[in-house]
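Here's a quick tour of a few local features worth a look. Have the viewer open and follow along.

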Amino acid sequence: MKYNSLNLELLKELQSMLAVPIKYDEETLERYSRDETAELKAVKPEVVVFPVSTEEVSDVMRFANRHLIPVTPRGAGTGLSGGAVPAFHGIVMSLEKMNRILEFDAANMMITVEPGVITGEIQKLADRHGLVYGGDPCSSESSSIGGNIAENAGGNKVMKYGPTGYHVYGLEVVLPSGEVTRLGGKMIKDVSGLDLIHLIVGSEGTLGIATRITLRLLPKPKYSVALLIPFPDIDTAIAAVPKLMTGSGVVPTSLEFMDASSIKAVCSFLNMEFPYADAGAHLIVEVEGSSKDSVFDDYVKLGESAIEAGGLEAFVADNRNTREKLWKARKSIAEALASISPVHCMEDVSVPMASIPELIKFSEEIARERGLEMIAFGHAGDGNVHVSFIKGDMPEERWNEALPLALEELYAKTTGLGGCISGEHGIGLKRKKYLASITDRAQLDLIRGIKRAFDPSYILNPGKIVDL
Ligand SMILES: Cc1cc2nc3c(=O)[nH]c(=O)nc-3n(C[C@H](O)[C@H](O)[C@H](O)COP(=O)(O)OP(=O)(O)OC[C@H]3O[C@@H](n4cnc5c(N)ncnc54)[C@H](O)[C@@H]3O)c2cc1C
């Protein structure tokens with residue numbers, strides 16, 4: 001695809017439709033040329049724009065259509081697949097200034113926000129009103145709700161609340177043409193027409209730009225307790241996951257795992273001590289409920305089932321302080337990884353839960369064969385594993401050779417186990433070539449057809465997910 005670039009005249013035209021100054025100084029272009037995908041090369045845009053309203057977003061899209069200039073939407077830039085990295089330079093549209101809470105509707109248990117609101121703000125506001133927003137990626141303090149929707153972000157509470165898409169009931173979307181459409185609303189049930197909301201959710205900013213988002217809130221459980229359960233090895237820990245649930249009759253809110261290397265990395269990063277730090281794996285299990293007694297019953301049953309299933313001990317974090325400390329450790333693994341080696345590759349494969357040990361053993365083998373280090377952690381309850389390869393001291397050339405081969409093998413194994421190559425971080429630029437190689441022709445054609453229907457000029461976040 002051949003795009004036009006922006007000359008001074010076009011930059012002036014662009015500025016004339018926007019309240020906030022556009023930026024094209026080197027420092028800004030550099031800052032908006034990457035996200036948190038450690039191993040991806042940066043690609044600089046030609047200009048960064050900061051719309052403050054739906055109308056401005058729409059005007060920019062009409063401008064981009066007129067002049068055939070690609071536009072890459074951007075939330076907070078915490079993405080882990082290069083979705084906000086502009087594949088073809090052009091315009092980066094940062095939604096960071098559209099960060100207002102538009103309405104808190106307690107009577108309908110709904111909140112309406114602009115896309116640039118940081119997810120943690122929504123969580124805190126809901127909490128103050130005795131409600132809960134169920135989306136909870138580990139990046140909740142830094143990622144935006146618009147980015148969460150575009151990636152259908154998962155996180156730690158998917159067991160109980162589901163991924164981001166489960167909470168989205170209304171969306172205002174600016175289409176690539178600049179037209180504005182409003183989908184859904186505050187009603188819980190809606191089968192009027194096709195479910196376009198859930199086509200936009202997870203579309204990685206390739207089908208439309210979310211400018212107004214209505215999310216459902218739920219009653220906040222009054223009590224929650226987390227358990228930390230060390231296991232001798234990863235096999236026993238994962239085999240314990242279904243036994244925990246069937247043995248106790250409880251579906252936990254969270255069921256996370258960390259292998260021994262993740263614990264080591266995070267302890268050193270946070271300078272903290274962990275009980276049984278040398279155990280083969282740890283599970284974190286969280287339960288919530290409306291009364292102290294019911295939560296007590298649930299966690300005792302879960303703890304007993306865990307010990308029966310081979311757990312070495314069940315540590316109870318039943319006050320805010322200990323729970324926060326535990327979750328801080330789990331949520332800091334990505335940063336700990338970056339501190340060990342700024343260049344690393346955090347994967348996001350998703351397999352049927354019982355296949356996690358086989359997948360991790362296989363990953364350890366391929367890492368060993370290729371001279372890479374690796375750690376693994378993730379969401380044991382839903383089979384989403386963050387196998388992470390680490391460059392460390394490996395020379396750049398060897399890393400560049402070893403990594404793609406390791407990824408090909410990892411993805412082949414994942415699909416062989418009935419899994420998929422990304423559970424929550426998305427395809428973006430990072431996994432595009434791999435998606436094309438493992439997806440059947442009919443499905444690729446459908447994805448391309450949908451993209452063409454939304455974006456015939458191919459100007460909204462081109463070069464992502466699949467090539468046309
Ligand atoms: C430390 C750390 C922990 C993380 N933990 C998790 C986790 O637990 N679970 C998880 O799922 N992810 C996690 N992530 C990944 C990342 O935070 C999520 O993918 C998040 O949803 C990205 O949001 P963002 O605002 O940073 O979006 P960006 O990175 O800016 O953009 C992501 C994608 O969304 C598109 N986009 C952004 N805004 C809009 C909009 N308004 N309309 C249309 N498209 C838009 C962009 O074009 C891009 O394709 C983590 C990342 C880090 C760094």
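**Ground rules**

Contact here means heavy atoms within 4.5 Å. This is a predicted model, where local features need pLDDT of at least 70, side-chain atom pairs count only at pLDDT 80 or more, and totals for chains, interfaces and linings use all residues. Numbering starts from 1 along each chain as its sequence is written, and side-chain values use heavy atoms, leaving out hydrogens and water.

Start with H282, which sits in strand β13 (residues 281-289); strands are DSSP runs of E, at least two residues, and helices are runs of H or I, at least four, numbered from the N terminus. H282 counts as buried because its relative accessibility is 0% (buried is under 20%, exposed over 50%, partly exposed in between, with a 1.4 Å probe and protein chains only).

Leaving aside residues up to four places away in sequence, H282 touches L228, I229, P230, E256, F257, M258, I263, F274, P275 and Y276. With P275 there's also a polar atom of the H282 side chain 3.0 Å from the backbone oxygen.

**Two positive phi values**

L68, in the loop between α3 (54-67) and β2 (71-74), has a phi near 50°, positive though the residue is not a glycine. At 25% relative accessibility, L68 is partly exposed.

H89 is another non-glycine with positive phi, about 60°. You'll find H89 in the loop between β2 and β3 (91-94), and H89 is partly exposed too, with a relative accessible area of 40%.

Methods. Polar contact = N/O pair within 3.5 Å; in protein donor to acceptor, adjacent residues only side chain to side chain.
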